[in-house]
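Please open the structure in your viewer and keep the selection tool at hand. The tour begins with one residue and then widens to the whole protein.

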Amino acid sequence: MPVADISVAFPYHNESKTLRTTLGLISRQTLMPREVFFVNSSSTDDSSQVIDDWIKENQPRFETRFHNVFEGTDTPSSSKNVAIKRAASTWIAFMDCGQTFEEDWLRRQWDYVQAHPEVDLVSGGCILAGTGIVDMSAVAQTYGYKIFPPTVPTTLVKKSVFDKTGLFLAGRRAGYDFAWPLLLGKLGIKRGINESVVIRYIGVNYGDSLGHIFKKSITYAAPTVGIPYYYIP
């Protein structure tokens, strides 16, 4: 299996139910990365043990190096930063646990940047739909029903870009992923959009009850207060 000069970052928090799917998808990529970092965002379930057991059993089969790390982070942005600082590759890719992605995800993004040398990064998108009427309604009123917003998960980016932008806003559960592309634009960093790369949530997309929706809305809205360049209501 060919290996590219890419480091992949997966932050995770209490993802034991979906981690085996994630591990299977990343290990079957048609273009494998040089290394993969699973960064523990203060999980309280057995997610870390699931990853450790998988690495112990499967690492000998791969040229790719798999790492499970914990540096006390408890948000997606801070955990991504851990992987960025540790990455030894020229390129770094981001993906979330709890998402389905194609087994040629990395190859499609790699082929895109090879065909478009003018771009410093390329993103795909996450299409949300929902698993029932409550979840579907929440998606429609927040991210949008079955639309294609470019997302940080799916993104392949030159690591040197972070020398210009700095790391992701630390300690942010949400908002940092909207503010970062705006900063890219202000700095003149070119971002490609590859519409052939699509990810989807496994299970509930936003919330399956009014209580869950209310709690998540507050949890995700509060961290965006005061983020530079971020003026989305």
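Select Gly188 first: this residue lies just after helix α7 and takes a positive phi of about 75°. The model is predicted, so to speak of local features a pLDDT of at least 70 is needed, side-chain atom pairs count only at pLDDT 80 or more, and totals for chains, interfaces and linings use all residues. Residues are numbered from 1 along each chain as its sequence is written, and side-chain values use heavy atoms, with hydrogens and water left out.

Next, select α7 itself, residues 176–186. Which of its residues are buried? They are Tyr176, Ala179, Trp180, Pro181, Leu183 and Leu184, where buried means under 20% relative accessible area with a 1.4 Å probe, protein chains only.

Finally, display the whole protein. It has eight helices and eight strands, which are DSSP runs numbered from the N terminus (helices H or I, at least four residues; strands E, at least two). The radius of gyration is 17 Å, close to the 17 Å that the globule rule gives for 233 residues, so the protein is as compact as a globular protein of that length. That radius is taken over C-alpha atoms, and the rule is 2.2 Å times the number of residues to the power 0.38. Along its principal axes the C-alpha trace spans about 45 × 40 × 35 Å. Of the 233 residues, 51% count as buried.

Technical notes: Buried < 20%, exposed > 50% of the residue type's maximum accessible area, 1.4 Å probe, protein only.
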